[in-house]
Amino acid sequence: MSLNDLYQEVILDHNRRPRNFGPLAGATSDARGHNPLCGDKVTVSVIVAGDRIEAVHFEGSGCAISKASASLMTEAVKGHTVVEAESLFKQFQAVITSPMDQDIDPEPLGKLAVLVGVREFPVRIKCASLAWHTLHAALVKSPAPATTE
Ligand code: ZN
């Protein structure tokens, strides 16, 4: 099994059995996000206590990449501080939007590295980043929905 096959398998698994999916009782904040290019819609709900993300859930409908990315995002930021989550968002965004001929270091991304393949497909980059833009909107309590445009 190649690394790409393994990555594909993780994405399919998160699409079929999304983690932290559904409403979040006692959410301290939530935000809606929309990727008009693909039609992905997501709502991200968080419970933030002090500066720590105690719980994060998502709901919505969209393509396999957007759903898998949202699921992986919830696992990646749960239990971390808001600053750590925003920093991971920046690193993730930088890697998936980097040019194909640029070497990348997927190490700091942990399991999110399964999504680095989207940088080959510009439309898919927005599918992969939607949940992160929406998480950001929830964390800063933005009154406006997040959008990838
Ligand atoms: Zn999509």
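Visitor: Where is serine 29 placed?
Guide: Serine 29 sits in strand E1, where strands (E, at least two residues) and helices (H or I, at least four) are DSSP runs numbered from the N terminus. This is a predicted model, in which local features need pLDDT of at least 70 and side-chain atom pairs count only at pLDDT 80 or more, while totals for chains, interfaces and linings use all residues. Residues are numbered from 1 along each chain as its sequence is written, and side-chain values use heavy atoms, with hydrogens and water left out.

Visitor: Is serine 29 buried or exposed?
Guide: Serine 29 counts as buried because its relative accessibility is 10%; buried means under 20% relative accessible area, exposed over 50%, and partly exposed in between, with a 1.4 Å probe and protein chains only.

Visitor: And what does serine 29 touch?
Guide: Leaving aside neighbours within four places in sequence, serine 29 is in contact (heavy atoms within 4.5 Å) with Val44, Ser45, Val46, Ala138 and Lys141. With alanine 138, a polar atom of the serine 29 side chain lies 2.7 Å from the backbone oxygen.

Visitor: Which loop holds asparagine 20, and what is its phi?
Guide: Asparagine 20 is found in the loop between H1 and strand E1 (29–35). The phi of asparagine 20 is near 55°, again a positive value in a residue that is not glycine.

Visitor: Switching to threonine 148: which side chain does its side chain make a polar contact with?
Guide: The partner is the side chain of asparagine 35, at 2.9 Å. A polar contact is a pair of N or O atoms within 3.5 Å; within protein, one must be able to donate a hydrogen and the other to accept it, and residues adjacent in sequence count only if both atoms are side-chain atoms.

Visitor: What else surrounds threonine 148?
Guide: Threonine 148 lies in the segment after strand E4 (146–147) and, at 13% relative accessibility, counts as buried. Apart from neighbours within four places in sequence, its contacts are His34, Asn35, Pro36, Lys126, Ser129, Leu130 and His133.

Visitor: Helices next. At what angle do H3 and H4 pack?
Guide: Helix H3 (residues 82–96) packs against H4 at about 160°, with the axes 11 Å apart; axes are lines fitted to C-alpha atoms, for helices over the stretch in contact, and angles run from 0 to 180 degrees between N-to-C directions. That makes H3 roughly antiparallel to H4, since angles over 145 degrees count as roughly antiparallel, under 35 as roughly parallel, 65 to 115 as roughly perpendicular and the rest as oblique.

Visitor: Which residues make that contact?
Guide: On the H3 side they are Val82, Ala85, Glu86, Leu88, Phe89, Phe92, Gln93 and Ile96, and on the H4 side Ile125, Ala128, Ser129, Trp132, His133, Leu135, His136 and Leu139. By class, the contact of H3 with H4 has 11 nonpolar, four polar and one charged residues, where Ala, Val, Leu, Ile, Met, Phe, Trp, Tyr, Cys and Pro count as nonpolar, Asp, Glu, Lys and Arg as charged, and the others, Gly among them, as polar.

Visitor: How do the axes of H2 and H4 cross?
Guide: The axes of helix H2 (residues 64–77) and helix H4 (residues 122–139) come within 8 Å and cross at roughly 40°, and the two helices are therefore oblique to each other. In H2, Ile65, Ser66, Ser69, Ala70, Met73, Ala76 and Val77 meet Arg124, Cys127, Ala128, Ala131, Trp132 and Leu135 in H4. That contact has 10 nonpolar, two polar and one charged residues by class.

Visitor: Last one, H1: is tyrosine 7 buried or exposed?
Guide: Tyrosine 7, which lies in helix H1 (residues 3–16), is buried, with a relative accessible area of 17%. Not counting residues up to four places away in sequence, tyrosine 7 touches Ala113, Val114 and Val116. Its C-alpha atom is separated by 9.6 Å from that of leucine 112, 105 residues apart along the chain.
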